[in-house]
Amino acid sequence: SAIWGGTAQLYARRMDQLSATPIPGTSGGYGPFFSPDGQSVGFAADGELRKVPLSGGPPVVLCKAAALFGASWGDDGTIVFATQRNGGLWRVPATGGTPEALTTVPPGGYSHRLPHMLPGGRAVIFTVLKGPNLWNDARIVVRSLQTGTETVLVTGGADGRYVSPGHLIYVHLGTLMA
């Protein structure tokens, strides 16, 4: 996203071009994330989670979302997102609907953020914060969407992402790790 003329909007740039163009219908948008096929982009704007096709067309409201602290669109047709500064993760169908709570922050915890769906839609990686701005003490956790089992993958890292052919990348003390 970028601000042009005082208004935030999402922009797209083809890899074979130098300039980016505004994505229609994304005024006020932030927190972009792509559909698995790369043909649509999800984003937050005006207290809502929305999606819009990159080929053009009107944006579609998926659900209410007061704020966005990360989102990921799984190839199972669901979107997992974090919408509260000190809350858990939520899941909503990519076609829209009522979101359902996916995780809850236990007593003494602070926040679940930056989800990343794994291929196949059976699990999600996310960051667990112990307090505001404690990124260096964060943990990266994977949660099975079938059983609810959670496993800590990394202590002292944040923003975990799966990268083919089977690597986890994340940030630790300002350094990209794999």
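This is a predicted model: local features need pLDDT of at least 70, side-chain atom pairs count only at pLDDT 80 or more; totals for chains, interfaces and linings use all residues.

Reader: Good. Which strands each supply at least two residues of the lining of the largest pocket?

Author: General idea first: rolling a probe the size of a water molecule over the atoms shows where empty space is left. Here, β5 (30-34), β9 (71-73), β13 (111-117) and β17 each give the lining of the largest pocket at least two residues. The volume of that pocket comes to about 300 Å³.

Reader: And which residues lie nearest the centre of the largest pocket?

Author: Phe34, Ser72, Trp73, His116 and Met117, out of 17 lining residues. By class, the lining splits into 11 nonpolar, 4 polar and 2 charged.

Reader: How much space lies in the second largest pocket?

Author: About 240 Å³. Its lining has 13 residues, with Ala12, Arg14, Thr21, Leu54 and Ser55 closest to the centre. The classes there are 5 nonpolar, 6 polar and 2 charged.

Reader: Now backbone geometry. What should I look for?

Author: Most residues other than glycine have a negative phi, and most peptide bonds are trans. Now the cases here. Asp46, in the loop between β6 (40-45) and β7 (48-53), has a positive phi near 50°. Leu173 also has a positive phi, near 50°, and sits in the loop between β18 and β19 (175-177).

Reader: Is Leu173 buried or exposed?

Author: Exposed, because its relative accessible area is 55% and the cut-off for exposed is over 50%.

Reader: Where is the cis bond to Pro165?

Author: The cis peptide bond runs from Ser164 to Pro165, with omega near 15°. Pro165 lies in the loop between β17 (158-163) and β18 (167-172).

Reader: How many salt bridges does the structure hold?

Author: There are 7 salt bridges. To read one, check that a side-chain nitrogen of Lys or Arg is within 4 Å of a carboxyl oxygen of Asp or Glu. Arg14, from the second pocket's lining, pairs with Asp16 at 3.1 Å.

Terms used: Residues are numbered from 1 along each chain as its sequence is written. Side-chain values use heavy atoms; hydrogens and water are left out. Helices (H or I, at least four residues) and strands (E, at least two) are DSSP runs, numbered from the N terminus. Buried means under 20% relative accessible area, exposed over 50%, partly exposed in between (1.4 Å probe, protein chains only). On a 1 Å grid over the protein atoms alone, a cavity is a set of points where a 1.4 Å probe fits but cannot get out, and a pocket is an open set with protein on both sides within 12 Å along at least five of seven lines; lining residues have an atom within 4 Å of a point. Grid points are joined across faces, edges and corners, and a volume is the space filled by probe spheres set on the points. Ala, Val, Leu, Ile, Met, Phe, Trp, Tyr, Cys and Pro count as nonpolar, Asp, Glu, Lys and Arg as charged, and the others, Gly among them, as polar.
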